[in-house]
Amino acid sequence: MPSWHDSRFGLQLGRTPHVSRAPASPTPRPRQFSYLLSTVLIAGSALSFYYGVSALGFVLGGAVALGGTILTTTHWCLGSWFYRLLFPHAATR
């Protein structure tokens, strides 16, 4: 390889040292629950369409779209709210 070639060059594109060296903050449990809920709903929607139950697929996919729209427009997470309703003691930790 030429002397000017840095094998890490492709990994360094678009990264700044002060951002890439800081550890990521942990994801809180309510947000993890919301991600899990969205994943289950969208997977259920996909399976519903696969097995020909289109009405259920639209309902499940619509629930994900509605939750995403609420989060985007109001910055209020419906999935996290469900977590706090289902696990009131765990949400206070």
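This is a predicted model: local features need pLDDT of at least 70, side-chain atom pairs count only at pLDDT 80 or more; totals for chains, interfaces and linings use all residues.
Reader: Before going into detail, how many helices and strands does the chain have, and what share of its residues is buried?

Author: The secondary structure comes to 6 helices and 0 strands, so that from the N terminus on the elements run α-α-α-α-α-α. Of the 93 residues of the chain, 14% count as buried. Among contacts between residues at least 6 apart in sequence, 42% join residues at least 24 apart.

Reader: Taking helix H3 as a case, how should I read its length and its buried residues?

Author: One begins with the span: H3 has 22 residues and reaches 31 Å from its first C-alpha to its last, which is close to the 32 Å expected at 1.5 Å a residue. For the faces, the general idea is that an α-helix has 3.6 residues a turn, so residues three or four places apart point the same way. In H3, the buried residues are Pro-30, Phe-33, Ser-34, Gly-44, Ser-45 and Ser-48. They cover an arc of only 110° around the axis, which puts them on the same side of H3.

Reader: Which residues of H3 are exposed on the other side, and what do the buried ones pack against?

Author: Arg-29, Leu-36 and Tyr-50 are exposed on the other side of H3, whereas its buried residues pack against helix H4 (54-74) and H5. Just after H3, Gly-52 takes a positive phi of about 85°.

Reader: Is Ser-48 buried or exposed, and which residues does Ser-48 contact beyond its neighbours within four places in sequence?

Author: Relative accessibility is compared with a cut-off, and because its value is 8%, under the 20% limit, Ser-48 counts as buried. Leaving aside neighbours within four places in sequence, Ser-48 is in contact with Val-53, Ser-54, Leu-56, Gly-57 and Leu-60. By contrast, Val-59, which lies in helix H4, counts as exposed at 56% relative accessibility. Val-59 and Gly-44 are 15 residues apart in sequence and 9.9 Å apart in space, C-alpha to C-alpha.

Reader: How many aromatic pairs does a search of the whole structure find, and why is the pair of Phe-33 and Tyr-83 tilted?

Author: The search finds 7 aromatic pairs. For Phe-33 and Tyr-83 the ring centres are 5.5 Å apart and the planes stand at 55°, so the pair is tilted, since that angle falls between the limits of 30 and 60 degrees. Phe-33 lies in helix H3 (residues 29-50) and Tyr-83 in helix H5 (residues 78-86), so the pair ties together parts that are 50 residues apart in sequence. Both Phe-33 and Tyr-83 are buried.

Reader: Which other aromatic residues belong in this picture?

Author: Trp-81 and Phe-82 also form a tilted pair, with 5.5 Å from centre to centre and 40° between the planes. Trp-81 counts as partly exposed at 38% relative accessibility, and Phe-82 counts as partly exposed at 33%. Phe-33, Tyr-83 and Phe-87 form one aromatic cluster.

Reader: Finally, how much space lies in the largest pocket, and which residues are the closest to its centre?

Author: About 470 Å³ of space lies in the largest pocket. Of the 21 residues that line the largest pocket, Ser-34, Gly-67, Cys-77, Leu-78 and Gly-79 are the closest to its centre. H3, H4 and H5 each supply at least two residues of the lining, and Ser-34 is also among the buried residues of H3.

Notes
Residues are numbered from 1 along each chain as its sequence is written. Side-chain values use heavy atoms; hydrogens and water are left out. Rings of Phe, Tyr and Trp (its six-membered ring) pair if their centres lie within 6.5 Å; planes under 30 degrees apart count as stacked, over 60 as edge-to-face and the rest as tilted. Helices (H or I, at least four residues) and strands (E, at least two) are DSSP runs, numbered from the N terminus. Buried means under 20% relative accessible area, exposed over 50%, partly exposed in between (1.4 Å probe, protein chains only). The expected span of a helix is 1.5 Å times one less than its number of residues. The arc is that of the directions from the helix axis to the C-beta atoms. Contact means heavy atoms within 4.5 Å. On a 1 Å grid over the protein atoms alone, a cavity is a set of points where a 1.4 Å probe fits but cannot get out, and a pocket is an open set with protein on both sides within 12 Å along at least five of seven lines; lining residues have an atom within 4 Å of a point. Grid points are joined across faces, edges and corners, and a volume is the space filled by probe spheres set on the points.
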